[in-house]
Structure formats: structure tokens, C-alpha cells
Amino acid sequence: MSKALDGVRILDFTHVQSGPTCTQLLAWFGADVIKVERAGAGDITREQLRDIPDVDSLYFTMLNHNKRSVTIDTKNPEGKQVLEALIQTCDVLVENFAPGALDRMGFTWERIQELNPRMIVASVKGFGPGPYEDCKVYENVAQCVGGAASTTGFDDGPPVVTGAQIGDSGTGLHLALGIVTALYQRTHTGRGQRVLAAMQDGVLNLCRVKLRDQQRLERTGVMKEYPQYPNGEFGEAVPRAGNASGGGQPGWILKCKGWETDPNAYIYFITQAPVWAKICNVIGKEEWATHPDYATPAARLPHLKDIFAEIERWTMTKTKFEAMQILNKYDIPCGPILSMKEIAEEPSLRKTGTIVEVDHPTRGKYLTVGNPIKLSDSPTEVTRSPLLGEHTDEVMAELGYSTEQISALRTAGAI
Ligand code: CAO
């Protein structure tokens with residue numbers, strides 16, 4: 001079966017996490033992704049957080065599936081020529097170097113356009129144009145400057161970063177959408193363009209509901225679904241909301257049977273308005289269905305703490321899976337807090353290709369997260385990440401270099 005992005009060639013100049021997640025997705029959709037790395041070293045993540053000596057780390061292997069790896073020293077004049085040949089034959093250049101690094105290599109937007117006017121140049125940067133545009137940025141910095149950290153955690157504690165890599169992988173996702181959109185526009189215009197996804201912007205986009213709340217707070221001075229209501233103080237900025245739901249249906253994380261010893265024996269419970277009567281029945285508080293203090297969503301808001309405490313008395317008598325099973329019968333929205341171990345072992349995720357076992361020549365078998373986006377006409381087959389420079393000769397031959405030329409370039413340190 002053909003793939004959605006068959007025939008699209010990506011010159012992958014990405015490293016660490018944000019850029020590689022983007023090009024990995026494009027590779028899963030069928031693009032030929034050629035990852036350019038420095039000979040001898042490669043992407044720094046190959047050696048970061050290693051669990052097996054001298055073997056590409058899981059950090060690297062889990063972000064670089066389905067790609068080819070070539071080594072080029074792009075600061076070497078002959079290496080630059082090889083890169084120029086790649087620019088002329090690829091559709092998209094994706095990079096997430098520090099600001100200005102591509103220009104310093106001699107590959108400005110103008111120069112790239114001269115070489116290939118159809119080329120799309122896609123970049124992840126920490127910030128968009130402005131006072132911080134020259135800054136280097138990593139995941140947690142992006143979470144802090146994009147509004148996630150100030151709105152995550154509990155009200156009486158410090159800001160907290162989330163384990164979800166919304167700055168890196170989140171921005172990679174945004175960039176991938178920008179790239180396919182630019183490829184589509186090129187079918188009409190014939191021209192390439194620049195695509196920029198700034199990590200601050202990507203995180204803020206994912207924190208959109210918090211900017212909503214900032215404006216609600218400024219208008220009304222209070223947010224009734226937040227745990228600070230009715231007894232706490234609201235300041236000028238959106239406070240941290242603990243585990244409160246970001247939407248209009250109040251929710252909280254509640255203890256389940258075994259919470260004393262199992263750090264993940266909890267369930268997320270949503271008191272969705274249409275099923276309120278069923279919730280009251282399940283927890284044995286039938287009278288709340290009609291009581292004036294509890295019968296409507298607005299009446300319930302000042303009592304949310306008591307309501308969740310009562311529901312928790314019920315959830316603590318069940319395991320998180322038992323509670324889920326019972327609540328699902330009544331269409332009460334809830335979700336067990338799953339550990340990574342439980343997720344890794346979940347058969348249904350293996351079946352859908354969301355968790356995949358991959359074999360690697362030096363690492364052996366390992367688990368990875370497969371393509372979370374499923375296309376019915378473009379199925380994803382996850383193949384292992386490349387060894388450093390594994391495809392240098394193959395790609396050079398495709399560019400028209402002879403075996404002798406390739407070994408001369410290697411001797412000169414250009415590849
Ligand atoms: N041949 C020769 N030189 C190469 C090369 C190659 N194949 N590949 C990279 N280089 C050079 C670059 O040209 C650059 O050189 P100069 O500094 O002389 O211009 C140098 O390697 C280092 O690039 P860098 O500054 O991007 O790398 P860093 O480790 O210092 O910074 C990071 C890493 C992530 C902070 C920075 O790249 C960045 O801010 N990127 C944008 C934001 C981003 O993506 N952050 C998320 C990363 S994932 O957490």
C-alpha cells in the first residue's frame with residue numbers, strides 16, 4: 001500500500017527532541033527522511049541517558065525511527081557541497097538549531113532559495129521574533145514561558161512542569177502540520193516557504209484554556225470551578241488549579257482501594273451534569289439528586305470539595321479498574337491513573353500499534369510509542385532508527401557520487 005507522503009524527501013537537520021519528533025511523524029507518513037549528523041558524534045541524544053554502554057540510547061532510538069542517517073561536516077567546504085546537492089533534491093529542510101546556526105553555516109533562506117526555490121524550510125525555535133529570539137531553549141523552559149508551569153500544580157505549592165513533553169514533542173507536532181500545509185500550498189504556488197514553530201507559542205497554544213480563564217478572572221474576579229472557590233483568595237493571575245478539570249464539567253483525582261501502598265491507585269472522576277442522578281445513586285447519596293444545594297451544576301460549585309470527598313469514600317472501596325467498570329456502565333466519565341508499566345503492558349495498545357516492539361541490531365528488542373495518528377490509507381510500519389552514518393554511502397550514490405569520490409570525501413573529513 002502506498003503512503004500519504006510517498007515521494008516527499010526531507011532533509012532532516014534536527015537534533016534532540018522537538019525537531020526529531022516532527023521528522024519521525026513525517027517518516028511514518030511515508031516521507032524519505034535523511035538525517036544529517038556530524039561524523040563521529042551524531043545527534044547528542046545518541047549518548048544521553050544510555051542504559052547500555054556504547055549503544056544508541058532509547059532517547060535517540062525512540063525519536064528517530066524510519067529515518068536514514070548520513071554524516072556530513074557542514075562546516076567543511078566539500079561537506080557544504082554535498083549539503084547543497086541534498087538541498088537541490090529535497091522538498092523540505094527541517095532544523096532546530098540554536099537561532100542563527102543555519103545562517104552561520106552559510107545556508108541562509110536566500111541561499112537555500114537560490115539552490116531550490118521549491119524548498120520549504122521549517123524551524124523550531126524557542127521563541128518567535130522579539131526580545132528572546134536569540135535564546136536557546138529546552139523543554140522545561142518552554143513550559144515555563146508558555147504558561148504551563150504557572151498554571152500547573154497545587155495552589156499552595158510552587159509552579160510544576162508536566163511530564164508530557166509539550167514543549168518539544170508538542171512543538172514538533174505543530175511544525176509537522178505547518179510542513180504538510182506548506183507542501184499543500186506549494187502544489188498551487190510552486191514555491192517553498194518558511195515555517196516557524198516557536199516552542200513558547202506551541203505551549204501557549206496548548207494552554208489556550210488558561211488564557212480563557214485569565215480573561216474570565218479579570219472580568220469577574222472569581223472562578224467558581226477552581227478549588228480556591230468559595231473560601232480561597234483569587235489574585236490577578238490564573239492560579240494553579242490542582243486536578244480541577246480545564247472544562248465546564250468539574251473533575252478531581254480520587255483515591256481508590258490500595259492507595260496507601262500503590263502511588264497510582266487513583267481515578268479521575270468527572271461529575272458530568274447529565275449523569276448527576278446516576279452519580280448520586282452509585283455513591284449512595286440519592287437525596288443529592290433533588291436537594292437544592294446539589295441538584296444543579298451552579299448549586300454544586302460551592303460544594304465541590306464535599307462532593308468529591310463523598311465520592312472518594314465510594315472510590316476507596318474499589319480498585320481503580322473496578323470503579324472504572326462500574327462507572328462506565330452508567331456513562332459516568334472517569335479514567336484510572338495508569339502507570340507507565342501498565343501502559344507498556346496494555347494489550348489493546350499493542351494491537352493498535354500505539355505501543356510497538358522494535359528490534360535494533362545493537363540494542364535488541366525495545367518498546368516504543370508508535371504513530372498516534374492512524375490513516376486508513378497510509379498505515380504506519382515502525383522500523384528501527386539508523387546507526388550513525390548508516391546510509392551515507394547509499395545517499396551519496398543516489399546523489400551521483402562514485403565510490404572513489406565518496407572515499408575521497410571521507411578521507412578529507414567532509415562526510
Ligand atoms: N556539521 C558541522 N557542524 C554542525 C553540524 C554538522 N553536521 N550539525 C550541527 N553543527 C553545528 C551548528 O552549526 C552549530 O554551530 P555554531 O554554534 O558554530 O553555529 C553547533 O553545531 C551547535 O548547534 P546548537 O547551538 O543548535 O546546539 P546546542 O547543543 O548548543 O544547543 C539547543 C541545543 C537545543 C539548546 C539549541 O539547538 C536550540 O535552542 N534549538 C532550538 C530550540 C529547540 O529545538 N529546543 C528543543 C531541543 S529538545 O529539548
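Residues are numbered from 1 along each chain as its sequence is written, and side-chain values use heavy atoms, with hydrogens and water left out. Because the model is predicted, local features need pLDDT of at least 70 and side-chain atom pairs count only at pLDDT 80 or more, while totals for chains, interfaces and linings use all residues.

Three strands make up an open sheet in the order 7-8-9, with antiparallel pairing; strands here are DSSP runs of E with at least two residues, helices are runs of H or I with at least four residues, and both are numbered from the N terminus. Two strands count as paired if DSSP finds at least two bridges between them. Strand 7 (251–255) and strand 9 (334–336) stand at the edges with a single partner strand each, so one side of each has no neighbour in the sheet. From one strand to the next, the twist averages 20 degrees. Strand 8 (residues 266–270) is joined to strand 9 by three bridges, and the two run antiparallel; Ile-267 stands opposite Pro-336 in strand 9.

Two helices lie across these strands. Helix 12 (residues 304–315) lies across strand 7 and strand 8, at about 40 degrees to strand 7, whereas helix 13 (residues 320–329) lies across strand 8 and strand 9, at about 160 degrees to strand 9. Such angles run from 0 to 180 degrees between N-to-C directions, with axes fitted as lines to C-alpha atoms, for helices over the stretch in contact.

Thr-71 belongs to strand 3 and counts as buried because its relative accessibility is 8%, where buried means under 20% relative accessible area, exposed over 50% and partly exposed in between (1.4 Å probe, protein chains only). Leaving out residues up to four places away in sequence, Thr-71 touches Glu-37, Arg-38, Ala-39, Leu-388, Gly-389, Thr-392 and Ile-415, contact meaning heavy atoms within 4.5 Å. Thr-74 lies in the loop between strand 3 (67–71) and helix 3 (77–89), and is likewise buried, with a relative accessible area of 8%.

On the surface, finally, Tyr-138 sits in the loop between strand 5 (120–125) and helix 6 (139–145), and counts as exposed because its relative accessibility is 58%.
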